[in-house]
Amino acid sequence: MLFDSHAHLNDERFDEDRDELIKSLKEKGVDLVLNVGADIESSIESIELSKKYDFIYASVGVHPHEVSSMNYESIETLKKLAQNEKVVAIGEIGLDYYYDNSPRELQKEWFIKQIELANELKLPIIIHDRDAHQDTFNIIKKYKSPDIGCVIHCFSGSVELAREYIKMNCYISIPGTVTFKNNRKTVEVAKEIPLEYLLIETDSPYMAPTPHRGKRNDPSFVQFVADKIAIEKGISYEKVCEVTKENAKKLFNIK
Ligand code: NI
């Protein structure tokens, strides 16, 4: 009944029990997972996971942290990887001015190139934006073709920014941080933005929600995100699960 729209099950923190964990997800209520690539290697690993498990889908892309490793062949490599039938999006791509692991000009350049690739392939994009709200928004507005979908993953902006994205038909993805005490901003977004524009995610193994904060996150914990949204909106948990799953299936064109 739940669709975790953003996980990294290829992460080494799952090396010890990956298969066991994945096999347990269905009985914990998770019936779809999108495993997201963050560089070429993890994009390939995502595809491998998606081939092994029917309910796991993959995205391919290079995270802003990793763009320094890109060269003229990288876009061709991503393009080839994207031909796989379980690849449903390009991402995660974007800007990260919090860590600044790559020079900002390089981040912007590869962000734009990967949006252009998504436009060409007609695949939706998964956006990473940390402390780079204005530049991220401007680039999406300028370069994203209107006929491809988009989700702002781990949304950390204001309700106003979320509304601007909705005008461009972008989805807003709510992560586990919505359960943290003192995170009024994300709670407001979850409350104010219509359910029809929300996705839910874990970003496993990072950012485990309360009551597992500080521990390894996994896709089954997406239930705590759904639960918090249901409480804030005053609607049923089942409704949140059902609508966010339909939203993600629509965005990623999953039948
Ligand atoms: Ni991620």
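1. A residue is called buried when its relative accessible area is under 20%, and exposed when that area is over 50%. The model under discussion is a predicted one. Seven aromatic pairs are present in the structure.

2. Because Phe137 belongs to helix H5 (residues 133–143) and Tyr165 to helix H6 (residues 159–167), the pair ties together parts that are 28 residues apart in sequence. Phe137 is buried, its relative accessible area being 10%, and Tyr165 counts as buried at 0%. Together with Phe155, Phe137 and Tyr165 make up one aromatic cluster.

3. Helix H6 deserves a separate comment. Its residues Val159, Leu161, Ala162, Tyr165 and Ile166 are buried. Viewed down the helix axis, the buried residues of H6 fall within an arc of 160°, and therefore line one face of the helix. Glu160 and Lys167, on the other side of H6, are exposed.

4. What do the buried residues of H6 pack against? Their partners are H5, strand E6 (150–152), strand E7 (171–174) and helix H7 (184–192). After H6 comes Asn169, which has a positive phi, near 65°.

5. Which residues supply the protein donors of the nickel ion? They are His6 and His8, each through NE2, Glu92 through OE, and Asp203 through OD, at 2.2 to 2.5 Å from the ion. The spacing of these donor residues in sequence is H-x1-H-x83-E-x110-D. His6 and His8 are both buried.

6. Why is the arrangement around the nickel ion irregular? The four donor atoms subtend angles of 84 to 173° there, which makes the arrangement irregular. For four donors to count as tetrahedral, all angles would have to lie between 85 and 135 degrees. For reference, the ideal angle for four tetrahedral donors is 109.5 degrees.

Notes: Residues are numbered from 1 along each chain as its sequence is written. This is a predicted model: local features need pLDDT of at least 70, side-chain atom pairs count only at pLDDT 80 or more; totals for chains, interfaces and linings use all residues. Side-chain values use heavy atoms; hydrogens and water are left out. Donors are N, O and S atoms within 2.8 Å of the metal (3.2 Å for Na, K and Ca); water is not among the atoms, so sites may look incomplete. Four donors count as tetrahedral if all angles lie between 85 and 135 degrees; four count as square planar and six as octahedral if opposite donors are over 155 degrees apart and all others between 65 and 115; anything else is irregular. Buried means under 20% relative accessible area, exposed over 50%, partly exposed in between (1.4 Å probe, protein chains only). Rings of Phe, Tyr and Trp (its six-membered ring) pair if their centres lie within 6.5 Å; planes under 30 degrees apart count as stacked, over 60 as edge-to-face and the rest as tilted. Helices (H or I, at least four residues) and strands (E, at least two) are DSSP runs, numbered from the N terminus. The arc is that of the directions from the helix axis to the C-beta atoms. Contact means heavy atoms within 4.5 Å.
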